[in-house]
Amino acid sequence: MDVSWEPVEQGEVTGVLLGYEIRYWKDGDKEEAADRVRTAGLVTSAHVTGLNPNTIYHVSVRAYNRAGTGPPSPSTNVTTTRPPPKRPPGNISWSFSGSTVSIKWDPVVAKADESAVTGYKMLYRQDSHSAPTLYLASKSQIDIPIPEDFTHAFVQIRVTGPGGDGTPAEVHILRNSGT
């Protein structure tokens, strides 16, 4: 989750402001059991990771200095998103046409406890020594330009959406095959 807040006024701080402490705890837990993330200096936002999916969290922020933390902000509630679908794209096939390879796969449908699929990410690598190229697709098909001397490539395809990226399906594309 991304957390941001208004800075405290310098007149409200006794001593030197060292930063802010974000406290977050699951709904149903006690605030005393809250996890904490600290920022340094005048930073007024933080990215908190490692949260459980599809969970309500309470969040508050406190300024801190050498003497400790100040009073908390009013707490707010945040619900994390559902995780991405666990199933990778399946039934991957490809066909060649001139200087293009067309790659298709069966669409992934999210289950009730998974976040929606908004698209697909594909990492394409010509060989094990080349840098991968990232392609984005909104549908379960993509056309990629290929060099004249294309013989094979390594491809990873995964779903993406509000819950993050799913598990990749990996295939080795050969010019003389299609599945």
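**Entry 1: terms and model**

I take contact to mean heavy atoms within 4.5 Å. The model is predicted, so I note that local features need pLDDT of at least 70 and side-chain atom pairs count only at pLDDT 80 or more, while totals for chains, interfaces and linings use all residues. Residues are numbered from 1 along each chain as its sequence is written, and side-chain values use heavy atoms, with hydrogens and water left out.

**Entry 2: R125**

I looked up R125 and found R125 in strand β10, residues 119-125. Leaving out residues up to four places away in sequence, R125 touches S130, A131, P132, A153 and F154. I also recorded R125 and Q156, which are 31 residues apart in sequence, with C-alpha atoms 8.9 Å apart in space.

**Entry 3: M1**

M1 is buried, because its relative accessible area is 16%. Not counting residues up to four places away in sequence, M1 touches Y24, A46, H47, V48, L51, V59 and V78. Of these I checked V48: its C-alpha atom is separated by 5.2 Å from that of M1, although the two are 47 residues apart along the chain.

**Entry 4: T39**

I located T39 in the loop between β3 (35-38) and β4 (45-47). T39 counts as buried, because its relative accessibility is 8%. What does T39 contact, leaving aside its neighbours within four places in sequence? I listed W5, L18, G19, Y20, I22, S45, A46 and Y64. A46 is also among the residues that M1 touches.

**Entry 5: two positive phi values**

I noted a phi near 50° for N54, a positive value in a residue other than glycine. N54 lies in the loop between β4 and β5 (56-65), and N54 is partly exposed at 47% relative accessibility. For N91, phi is near 55°, again positive in a residue other than glycine. N91 is found in strand β8, residues 90-97, and N91 counts as exposed at 59% relative accessibility.

**Entry 6: the whole protein**

I counted zero helices and 15 strands in the protein. The radius of gyration is 24 Å, well over the 16 Å that the globule rule gives for 179 residues, so the protein is more spread out than a compact globule. This radius is taken over C-alpha atoms, and the rule is 2.2 Å times the number of residues to the power 0.38. The C-alpha atoms fill a box of roughly 70 × 35 × 20 Å along the principal axes.

I recorded domain 1 as 2-79 and domain 2 as 90-174, with bounds from an automatic or database domain assignment. Their C-alpha centres lie 40 Å apart. Of the 179 residues, 34% count as buried. Among contacts with a separation of 6 or more, 60% join residues 24 or more positions apart.

Notes. Helices (H or I, at least four residues) and strands (E, at least two) are DSSP runs, numbered from the N terminus. Buried means under 20% relative accessible area, exposed over 50%, partly exposed in between (1.4 Å probe, protein chains only).
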